[in-house]
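These are my notebook entries on one protein structure. I set down what I looked up, entry by entry.

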Amino acid sequence: MNESRTKTRLISGAWEDFVVKVYSKNEAPEFFIAAVESITEIGMSGIIEAGASLQENDTLSGLIVSDQMGSTIKYEGRVLWTKETSKGIQFGLKFSKELLLPDVLIALAMAAA
């Protein structure tokens, strides 16, 4: 089923400081960090280093944080897809609940456009 996008996808190198901290995978404690590639209120894409274990339908929870901007967003979601690249494992995550993105994140995306 092809689902059309209803939210504006914020893609920007302007928030390289934002990272995804995973504290739980499939309801078991696990920790790894991923870089944010794009984000909307309903999901995001990111990349983790090769060697990490991540599969479609894994459930993740943790925080999206920026130490520089002082922003923290709590999330839970399900991995929709994964793709191995030369940089690592790229993945798409659909959030369990729609997030309220901080103004600083939206401002960064608009400034980079």
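**Entry 1: the hairpin of S6 and S7.** I record at the outset that the model is predicted. I began with S6 and S7, which form a hairpin with four residues between the two strands. In the turn I found Gly88, whose phi is positive, about 145 degrees. I then looked up the pairing: S6 and strand S7 (residues 89-95) run antiparallel and are joined by seven bridges. Within this pair, I noted that Val79 stands opposite Leu93 in S7.

Entry 2: I next turned to strand S5 (residues 59-66), which runs antiparallel to strand S6 (residues 71-84). I recorded eight bridges between S5 and S6. One position I looked up was Gly62, whose bridge partner in S6 is Tyr75. Four residues lie between the strands of this hairpin, and Gly70 has a positive phi near 70 degrees.

**Entry 3: the whole protein.** I then asked how many helices and strands the protein has. I found one helix and seven strands. Read from the N terminus, the order of elements is β-β-β-β-β-β-β-α. The protein has 113 residues, and 41% of them count as buried. I also looked up contacts between residues at least 6 apart in sequence; 61% of these join residues at least 24 apart.

**Entry 4: the core.** Which residues have the most contacts inside the largest nonpolar core? I found Met44, Ile64 and Tyr75, in a core of 21 residues. I then traced where this core draws its residues from: strand S2 (19-25), strand S3 (28-39), strand S4 (43-48), S5, S6 and S7 each supply at least two.

**Entry 5: Ser38.** My last entry concerns Ser38, which is found in strand S3. Is Ser38 buried or exposed? I recorded Ser38 as buried because its relative accessibility is 4%, and buried means under 20%. I also looked up a partner for its side chain: the side chain of Ser38 makes a polar contact with the side chain of Ser45, at 2.9 Å.

Definitions and conventions: Residues are numbered from 1 along each chain as its sequence is written. This is a predicted model: local features need pLDDT of at least 70, side-chain atom pairs count only at pLDDT 80 or more; totals for chains, interfaces and linings use all residues. Side-chain values use heavy atoms; hydrogens and water are left out. Two strands pair if DSSP finds at least two bridges between them. A nonpolar core is a set of buried Ala, Val, Leu, Ile, Met, Phe, Trp, Tyr and Cys residues joined through side-chain atoms within 4.5 Å. Buried means under 20% relative accessible area, exposed over 50%, partly exposed in between (1.4 Å probe, protein chains only). Contact means heavy atoms within 4.5 Å. A polar contact is a pair of N or O atoms within 3.5 Å; within protein, one must be able to donate a hydrogen and the other to accept it, and residues adjacent in sequence count only if both atoms are side-chain atoms.
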